[in-house]
Every structure is written in structure tokens, then in C-alpha cells.
Amino acid sequence: MDSIYLSLTVDFASSYLSSDFSEKVFSATFKSITRFLMSHPDFKLNFSFNDEQLSFIQKKHPEYKTLLHKWTSEKQVEVLGGSLCNSILPLCQSFDRNGQIDAHSQQVRDVCGKRPRGMTLFCDAWDFSLVTNLCTAGIEYVLMTEKAVPAEKNRFLPAYMNELGKSVNIILYNDRLIPDAEVSCDFYLKKLEKEVKKISDKDNFTQFSPNRIINLRLNSDKICELLDSGWLENFYNSLNNNTVSTRIPVSLTLISSYLKGNVNKVPVFIPSYFNSISDDKVYSSAFDYVISNKRALDLYNRILYTSLLITQFHGDKARKLSAREKLWQAQNGYALAGKDAASAKLRHNAFIALCEAEKQIRNPKNFRESVIAFDYNNDGMNEYVCRMNDYFAVINLISGSVRELSVSKCTGNYLHNVIESPYPENNYFRGLFTDHIFTPSRFENYKNKIADTDGIFSKIQYTEIKFSPSHRELLMSAEAVCFNTKQKVSLRKKYIINSSGFVVQYILKNLSDEPLDAVFAVESNFGCQALGTKEELSYNVNVAGETERFAVNPDESSNRQWMVNAVQVTDRMNDVSFVFELNELGSYTCYNLEDGECKTLVSSQYWPIKLDSGMETEKTINFTIINPHKTRRKLH
């Protein structure tokens, strides 16, 4: 073996959450690297930036731009490409993949002077179909973790993959060989030599490819540690002064420079891969991760639907391009892959971007409100998508509830940040118009925030009885066996969808031979819309009884109840109100739930039910969405 080439990639792109990007920290890190590169002109580094960092350099630090131009022209630095907003490319349509790679490459060219020849992948998210997209976008090689390939294919050589007659080079990150600042440079270089010889002595590539490459991915914290401790300075001196007792010479290189002089590569086939940033589980693909995370799946389904609408839109190219750019913003990788509070904020912003994208392709003159049935979330069952002037909603047969709701003022999804349940053993599907049957004793637990339910109607899959898109009516029904008494009940539920909301009619029937003594509750949940602000749960609740109207504080109302004719829940952040009007006087309770990532307002109307065998009762709730541009209705 002739030599070992070492490629250092400083990965700024994945070092910061978009919502947590600190200009001060980024500038301090970049200045430290700048001082080192200026004093060591033959030291070579690869950089990876996301679009937010590139925009920051271009707008606020033209001196960084000048330096990057100088370094790239002198081949001291190579700047890699990527995708807009760190998107998870396997989850994007092919057209969006190409567009995002091209847009990010253009940003790199504007800031650094050269269009990138290689790129990084957020979360190392890979799918074999990406080969065609990368070749179409002019990308010659992609960087990926060595965990994505079988051990026998990891020969410290470039790999390559073919797909439909096109091929792309794959440079593997050797993350297990990242240096420790406390380890001496001599020991570290001997370790590299040992690792490479252990592999090269067992293969037949040495005579064809005598030079091996080790590629190290350093985040911003790691590069600062190596700089501040002086380790990188010592490492540079060790390489230049030949003070290391290694038999195989080690030198620094840029990836593109190495590829020019080393044409032999290892053939591989990688069907898919995903390196999760949220947990330690192993996922076979990005989609495998998404279906394991309900909140990510909700956002992904809306992204697919919006992408379909944009693709089918024709006539105005400028509006279509503007809508697609909003779609790309919504495909933020951290929004889909993260599980912390910052990611919840990004998911919220993603829903807003999707709402704005849909408005871009709506023509007010010929837009027609519609209610259609199709498999919206790819679960094998039809959902009912309500695309109205003032709101977008999805009704699900599981629990028979509204599971997605956004208002056309470009709000987030009011049902996205809804907490499923603080009690997993009693978990049920939350949304608008989630139905419950309780015994009187269990209902007292429910009012105390204890989800003490058998999942009667809240977990059941309803059956469609009749659906009329022209009349915008949906009738569904479900049967259940209740309580220890094994009493059988049925519930017929009818949605009448209109431009400002829904009318929901219930008919509850006792099918058993014994009298039914229970509590029937209709629960509606609202996720916080003010994530990241001081008032994260920004809802006002007002109720109207028989003779008076008054405000209710959800934080102080647990286990309390009021007799009401109507309830008004107001989102103070967006000045949008939701009014529930009951056809007969009912009881009301509300409270807040919090799980650290987000908060939920639980608002429930309920009635005591006493039904003899074969008897039924009817309840109706008129749900109205009041947008700020309309005259606000008042409770009477």
C-alpha cells in the first residue's frame, strides 16, 4: 500500500437545528477555523452548510464569502452540496428531490464560487432511487455512514452504485475513527494505519488501488474541541515533520482530488438506510421511521397531499413555483425526524407553509369547495377530506373524529400537537368530536385528567353507512359492548359539512335488555399554536349557560363542570374562534394536558344518559369556525 489519504469534513449542515441556529456560535466557530486555515495554507477541509447558514454568510458576512472563494479556487477547501432545509430526500417526490438539490447547489455556487460535485445526506437518509436524481442534478458523489453498507464492502475505498444505467460514487464516513483530543497524534495515526492494514491485507484491491481514504465527519463542537485543545495543530505538525513512526504515509486530501487519482471502486447496492437522530432504534428506511412516529406521519401525509395538488395545478407557472418553494420549506428534515420541542415548532411551521402553498394554487374565481373520500393517510381505509374556502379538515373512520384541521388564514394544524394520552395503557385517538361512553364513576376519573376509559367509541372503527359528496354529508355508525354488564349500544354519527364548519348529529341507542345508565361525552382537543412563545397554550374559553356568559380557566377547571348551551374556544395567537352550540342544555368540562413537547386543551360536552332497552336519544352539536375577517359571532 502506497499511502493513506485523510479527508476531514466539517458538517455544519447537521450541527444546528434550524430553529436553534445561533449566528454568534456559528460565526465564532467559523472564525476559529479561518484562523487555522490561514496559518496553514496546505491544510485541507471539506465543508457542508445548510441553506440557512449559506444565506447568513451571503447577507451578513461577505468576508466569509471572499474567504470561501479564495479557498475553493486554491483547492484548500471543498464545499459540499445538500438539500434545502436538510430535507429527507427519500420522502420527497422525484421532482422535488431534483429541485431541492439544484436550489442548494446554486446557493453553494453563489457563496463559494463553485458548484458542488458532492453532497451530504440529512440523517444519511438513502434510497436506491436517489441515484437517478443525483446524476440528473450533476452530483458525482455522496457521503454516507459506513453503517449503511455491509462490513465486507467497507474497504476504505470509494464505493459506487448503479441504477438504471446511471451510477454515483459513495464516500463512506468512518465515524468510529473520529479522533479524541486526549489521544496523542502518534497513537492516533498508528491506529489509522492498523485499521487500514487489517482491511487491505485481506482483499485484492491493493494492487489496483494502493491508496486508501478515510473520511471523518466532524460537527461544530468536535472541530472546536480539536482546535481549542491544540490537537489539530499537533496533528498538522506530525504530518508535515514526519515525526510519526508509521510505515504508511498519511496525508490530507479533498474528496474530489482523491477521486481524480483513484479510479478503482467497490461495487455496492444499498436499498435504503436511515440514521435516526431521535432514538437508538435501527430503521431500515426513512419511511420506516416515519410510520413509527405519529406526528411525523401526520405531517408526511399532508406533504404528500399538497405535493399532489401542486403537481395537478396548471396555468400559472409563477404561482406553481411559489407553491412548490413553500412545499420545500415544509419538508424540513428536523420537523420529520426530531422529537423535541424545537422539532414540534418546526412541524407547526411546516403546516403553516403547506397551508400557504395550497393558497398559492387556489384561484378564488373558480375554486370549488369539495368533500371527497380517498385513502389520505395510506392506511388502507378511506378518509374524508374537506377542502373548503375557510378551512381544511380530514375525518377519520377510526374513532369517527376530525383528525386534521387548519384554517385558511394559514394557521398550523390545530390537531397536530394534540397529546394522544398521558396514560398509554388507556390511549385513544384524540381529535375533534371524539366520543366516549363512561360509567358515572369512571367519568369522575376522566374529569380528573385520568383517561379511565375502555375506549368505547374513542378507539372503535366506524362503518360508513352513506356518503354524499354533493350534499357534503357523511353518515357512519358503530356498535360496542359496554362495562362489566356487557350491555350493547350503537351510535349513529352524521357529519353535515358546510363552509364554516360542521353539524354533527348523534343517535345513541340501547341494544341490550337492561336499562343503560351512563355518561355520553363528546371530546374536542386543540393543540397549542404558540409554540416557542411565553404563552404556549394561548386559548380563551368562554361558555354560555341559560342566563349568563362567563370565561373559564382550563388550568383551574379540572373536575369542575358547568351547564351550557354553547362553548367558544378562541385561539389568541391567530384570532380564530371555534364555537360549539348544543341543541339541548349539556354539561361542560375542560382542562390542559402537557407532555414536555407540546400542550393540549381538552374541551368536553357531556350528558347523563338513562335509556331503557331499545330506546335511543339524539344530540346535535353545531361547530362553527369564525375567521377574523368575518364579523365575530357572540354567544347568547
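A: In this predicted model, Ile 57, Gln 58 and Lys 60 of helix 2 meet Pro 62, Tyr 64, Lys 65 and Leu 68 of helix 3. The residues of this contact divide into 4 nonpolar, 1 polar and 2 charged. Helix 2 covers residues 51–60 and helix 3 covers residues 62–73, and the two pack at an angle of about 110 degrees with their axes 5 Å apart. Because angles from 65 to 115 degrees count as roughly perpendicular, helix 2 is described as roughly perpendicular to helix 3.

For Phe 457, once its neighbours within four places in sequence are left aside, the contacts include Ser 399, Asp 435, Ile 437, Tyr 462, Val 489, Leu 491 and Leu 508.

Among the strands, an open sheet is formed by 4 of them in the order 13-14-15-16, with antiparallel pairing. Strand 13 (370–374) and strand 16 (402–407) stand at its edges, each with a single partner strand, so one side of each is left without a neighbour in the sheet. From one strand to the next the twist averages 10 degrees. Strand 13 pairs with strand 14, residues 383–387, in the antiparallel sense over 5 bridges, and Ile 372 has Val 385 in strand 14 as its bridge partner.

Strand 23, residues 539–544, is mostly covered, with 5 of its 6 residues buried. On the one hand, strand 23 pairs with strand 25, residues 562–571, in the antiparallel sense over 6 bridges, where Tyr 539 stands opposite Asp 571. On the other hand, 4 bridges join strand 23 to strand 24, residues 549–552, and these two strands run antiparallel; here Val 543 has Phe 550 as its bridge partner in strand 24. Strand 23 is also joined to strand 24 by a hairpin, through 4 residues.

How values were computed: Residues are numbered from 1 along each chain as its sequence is written. This is a predicted model: local features need pLDDT of at least 70, side-chain atom pairs count only at pLDDT 80 or more; totals for chains, interfaces and linings use all residues. Side-chain values use heavy atoms; hydrogens and water are left out. Two strands pair if DSSP finds at least two bridges between them. Axes are lines fitted to C-alpha atoms, for helices over the stretch in contact, and angles run from 0 to 180 degrees between N-to-C directions. Contact means heavy atoms within 4.5 Å. Angles under 35 degrees count as roughly parallel, over 145 as roughly antiparallel, 65 to 115 as roughly perpendicular and the rest as oblique. Ala, Val, Leu, Ile, Met, Phe, Trp, Tyr, Cys and Pro count as nonpolar, Asp, Glu, Lys and Arg as charged, and the others, Gly among them, as polar. Buried means under 20% relative accessible area, exposed over 50%, partly exposed in between (1.4 Å probe, protein chains only).
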